[in-house]
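Grab a pencil and work through the exercises below with the model open beside you. Try each task before you read its solution.

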Amino acid sequence: MTFKIRTIEEKDIMETYEVIRNAFWDVYTPGCDEHYMVQQIRKVPEYIPELELVALDKDKIVGHVIFVKTVILTDQGKELEVISLGPIGVLPGYQRLGIGGQLIKTAIKRAQAAKFRTILLYGDPEIYRRKGFVPAETYGIRTADNVYMPACQIYPLENITKEEFAGKYFEHPCYQIDEQAAQEFDRQFSPRISRTGLASQRRFNKLIQEIRPFKG
Ligand SMILES: CC(C)(COP(=O)(O)OP(=O)(O)OC[C@H]1O[C@@H](n2cnc3c(N)ncnc32)[C@H](O)[C@@H]1OP(=O)(O)O)[C@@H](O)C(=O)NCCC(=O)NCCS
């Protein structure tokens, strides 16, 4: 199935919050903050408007992805610009039809044309492996806390080397969420019950605890 993919437009702003909220609700935590995260990303200078994409089924937005620039501080003491993917969300009724994959593929082509060098993200390897991502560890890339994390994954946009890219990946601070502000933001949307103890939430908790020390 093919869906139209295009750059975000001003009129899509509210609808994309709904899409992300519905995609993420209860999946990783009870409720979700990712729609608020999208709002925070849009405010920072490192936000990349040309890589913010929506997928459409006729006029309805059914998928959305956003990117922000950040850096790897390399072991050689250099700051390399990289881009972070996420959040990405597809409406529950439209998942596993290839829409997420199409959003990522389109963004990759555009990011390559814009000469960005690599994409990084934190996410479930089950989801991203099939989209061509590999563990960031492959290139010696650790978290800002200097540990390897299987959830931290990379998609090089050109031939990059471990020698050049090994170092610490600093996620942009816009991904750090003020819980109270996120709850306040959520009040403008329809109230929803949130559930605890779901299998996807347990999987996420396990995933974020999976770290391996870096023995440099
Ligand atoms: C993750 C997400 C964006 C993927 O988009 P999508 O359109 O559903 O994915 P696609 O149809 O392009 O790709 C499907 C493949 O991706 C992987 N995949 C997608 N969702 C997955 C999930 N929840 N768990 C495991 N693998 C998943 C599988 O390999 C799947 O192939 P399969 O259906 O043959 O098993 C979408 O499912 C979503 O919005 N999920 C909820 C929010 C979320 O988890 N976002 C990502 C946060 S890191």
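**Exercise 1: the overall build**

Task: compare the radius of gyration of the protein with that of a compact globule.

Solution. With 216 residues, a compact globule would come out near 17 Å, and the protein has 17 Å, which agrees. The radius is taken over C-alpha atoms, and the globule rule is 2.2 Å times the number of residues to the power 0.38. Before going on, note that this is a predicted model, where local features need pLDDT of at least 70, side-chain atom pairs count only at pLDDT 80 or more, and totals for chains, interfaces and linings use all residues. Residues are numbered from 1 along each chain as its sequence is written, and side-chain values use heavy atoms, with hydrogens and water left out.

Next, the box: along the principal axes, the C-alpha atoms fill roughly 50 × 40 × 30 Å. Inside it you'll find 7 helices and 11 strands (DSSP runs numbered from the N terminus: H or I of at least four residues for helices, E of at least two for strands).

Last step, the burial and contacts. Buried residues (under 20% relative accessible area; exposed is over 50%, partly exposed in between, with a 1.4 Å probe and protein chains only) make up 48% of the 216. Take the contacts (heavy atoms within 4.5 Å) between residues at least 6 apart in sequence: 72% of them join residues at least 24 apart.

**Exercise 2: a pair at the start of the chain**

Task: find which side chain R6 joins through a polar contact of 2.7 Å, and say whether R6 is buried or exposed.

Solution. Start with R6, which sits in strand β1 (residues 4-7). Its relative accessible area is 12%, so R6 is buried. The partner is D12, side chain to side chain (a polar contact is a pair of N or O atoms within 3.5 Å; within protein, one must be able to donate a hydrogen and the other to accept it, and residues adjacent in sequence count only if both atoms are side-chain atoms).

Now go to D12, in the loop between β1 and α1. D12 is buried too, because its relative accessible area is 3%. Beyond four places in sequence, R6 contacts K11, D12, E52, L53, V54 and L56, while D12 contacts R6, T7, V54 and I61.

**Exercise 3: a helix under cover**

**Exercise 4: K168 and Y139**

Task: how far is the C-alpha atom of K168 from that of R142, and which residues does Y139 contact?

Solution. K168 belongs to strand β10 (residues 167-170). Although 26 residues separate K168 and R142 along the chain, their C-alpha atoms are 4.8 Å apart. At 27% relative accessible area, K168 is partly exposed. Its contacts beyond four places in sequence include V71, I72 and L73, as well as R142.

Y139 is in the loop between β6 (134-135) and β7 (141-143), and is buried at 17%. Leaving out neighbours within four places, Y139 contacts V134, I154, P156, I160, T161, K162, F165 and A166. Y128, 11 residues away in sequence, is 17 Å from Y139, C-alpha to C-alpha.
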